Amino acid sequence: MAGLSDQDNESYEMGMHTEQLAGRTQEIFFSPREGENFVHPDSFDVDFDKRAEFDAAGLEIAEINLKIRELMESGHGTIVVRNPGARHSIGVGILNRLNLIIDGSLGYFGVGLIDGPNVRISGRVGWSCAENMMAGTVVVEKNGGSTFGAALRGGDLVCRGAVGSRTGIDMKGGTIIVGGDTGAYSGFMMQRGRMVVCGNAGKNLGDSMYDGTIFVGGEIRSLGVDAVPGEMTDLDRAWLERKLAMYELLPSRGVGHFQKIVAGKQLWNYDNLEPTEKKIVL
Amino acid sequence: MCGIAGLIHRGTTADIGTEVTNMLQSLKHRGPDSTGFAIYGQPVADEYVMRFKVAEQEDMATGFRIHDEIKERRAIVDSRFDEKGAVMLSQEDATEYAYRYRFTFDGDLEQLARYIEDVEGAEILSLGSGLELIKDLGDATTVSGQYGLNGFQGTHAIGHTRMATESDVDIRSAHPYWAYPYNDISVVHNGQITNYWLMRREMERRGHRFMSNCDSELLAVYTADKLNNGYTLEESLAQSIEEIDGVFTYVVATADCLGMAKDTMAAKPMVLYESEDTVALASEEVAIRALIPEEIETYDPYDEEVRVWQA
């Protein structure tokens, strides 16, 4: 694209740009080479070699989260939670680097609102896993529920199995990778980021998406309003291969069969509004 | 919000009363207003089991004569049984206002049921050969203890924890629903049906009766109507997705089957576990964990998905 630096062009081709409407339309570019700079006042300085584990079976949800916090506060960088019992809201709000291993399944809102930890969940997760995640990685070994990665803002969220409906609804960044199928309305109102579905996608994929990119390896039952096929580039294929290989989900036949879905951007009618009104719409 | 659960043991029986109680208790946070069970025991040939009440739980705190009135209502019910020629085998008092009768009867069962419900305050909760329907205010442990469900042997069951949104907090509006006068059909539902009144009028024109203003009752009546007209349970569930509007996930049980259907939006949750001998399904996995604590494979059914399992 004319007038852009090489780096901005690369970012543009990878679908990692967005538009910010602030008085006038401006394109803001995310640098793929930018380091991860996440530091929070409430984050803890932990040592990955300092390991702790505890049994969550007899604990209330608040006690489990408090226990994780206490261990991080005392410098533990690797924490194993056993017997979570598919209960809700476990591991939420962790704002620092951490190896968190969940030995079992989580209920709703598991590891939501996190910024930095690497989480591995040996079981399945319920609705809204890792919602609003800012950074880090979450890997789910079994299946996931609906609204997987809702409003995701950054990091990698991976499910090796199938997930429910409305995966990545309202996602604003980051990457969601699904090893199996995803349900209806996945990518609904997606604004940024990338979603990769190795299996099939349900009806109305990418409905009303503003931006971002969806890759599907299987069949798409139907596309949603304003979701259109995009052209796969070499950069897309390279990124897909690298990312799927990283999580051992690269199909044996490669990524040549993947389809790319992007926003048609025909719903961007608010561009006709006055600058002050644009802020209200957004 | 509401929580629903179902469980079926294929080819065997188990202490299904305790199992479903544990599942529903773990879903208490989805709705604490009332809890209901539809449990399918082993049917005995030529025998009927009827669960009914002659007052609401809240009635017990009102009026000076309520305790006497309840006795009078029950006496009228008993006399009507005698009058119609039913042979009583046993009578159990689950609570002061809810009872379980076992009887044999050769006459018109629908007519008998209508005659009993003609008694003031009387409502048949279930009538059939295998189904026993219990519902009351309180959480699963409370209702189960009150009605002595622990130890109840059966093949399959469904249950419901209710957060009242569309109708009153009373037994009448609690799930499961049984579709009078069809034996052994019960339904639990999580969601909202938006063409309820339209569909209800259609069902009423066909002669069906509704005992509540709860939209979930429509699903029981609808299922009974379909099965009565020769549809299979699977066909009925599939057609309901086409004909009934709203966001819903519901579970249906018949004398020997368990089924589920999910709406076109997949907006209401359901988690499924299926093995060779057991199928468990619930609004949340935590309910299945109450039954099977070890790591298992579970998944969410998708939109418009219909499943049926045989006992």
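Author: Let's start with angles: under 35 degrees is roughly parallel, over 145 roughly antiparallel, 65 to 115 roughly perpendicular, and the rest oblique. What you're looking at is a predicted model, where local features need pLDDT of at least 70, side-chain atom pairs count only at pLDDT 80 or more, and totals for chains, interfaces and linings use all residues. Residues are numbered from 1 along each chain as its sequence is written, while chains are lettered from A and ligands numbered from 1 in the order in which they are written.

Now find helix H2 (residues 66–84) and helix H3 (residues 109–117), both in chain B. Helices here are DSSP runs of H or I with at least four residues, strands are E runs of at least two, and both are numbered from the N terminus. The axes of H2(B) and H3(B) come within 9 Å and cross at roughly 155°; the axes are lines fitted to C-alpha atoms over the stretch in contact, with angles from 0 to 180 degrees between N-to-C directions. So H2(B) and H3(B) are roughly antiparallel to each other.

Who does the touching? On H2(B) look for Val77(B), Arg80(B) and Lys84(B), and on H3(B) for Leu112(B), Tyr115(B) and Ile116(B). Being in contact means that the C-beta atoms, placed from the backbone, lie within 7 Å. Sorted by class, the contact of H2(B) with H3(B) has four nonpolar residues, two charged ones and no polar ones. (Nonpolar covers Ala, Val, Leu, Ile, Met, Phe, Trp, Tyr, Cys and Pro; charged covers Asp, Glu, Lys and Arg; the others, Gly among them, are polar.)

Glu110(B) counts as exposed because it has 12 C-beta neighbours inside 10 Å; the scale is 12 or fewer for exposed, 20 or more for buried, and partly exposed in between. Go 22 residues along the chain from Glu110(B) and you reach Glu132(B), with 17 Å between their C-alpha atoms.

H1(B) brings Gly17(B), Thr21(B), Leu24(B) and Gln25(B) to the contact, and H4(B) brings Ala140(B), Thr141(B) and Ser144(B). The class tally for H1(B) with H4(B) is two nonpolar, five polar and no charged residues.

Leu24(B) also leads you to Ala5(B): leaving aside neighbours within four places in sequence, Ala5(B) has Leu24(B) among its contacts, along with others including Val20(B), Ile158(B) and Leu281(B).

Further along is helix H7 (residues 233–243) of chain B, which holds Ser236(B). Ser236(B) counts as buried because it has 24 C-beta neighbours inside 10 Å. Skip residues up to four places away in sequence, and Ser236(B) touches Thr223(B), Lys226(B), Leu227(B) and Tyr231(B). Thr13(B) is 223 residues from Ser236(B) in sequence and 27 Å away in space, C-alpha to C-alpha.

Finally, peek across at chain A, which has four helices and 13 strands. Of its 282 residues, 46% are buried. Where the chains meet, 20 residues of chain A are in contact with 13 residues of chain B. That side of chain A has four nonpolar, 13 polar and three charged residues.

Conventions
Contact = placed C-beta atoms within 7 Å.
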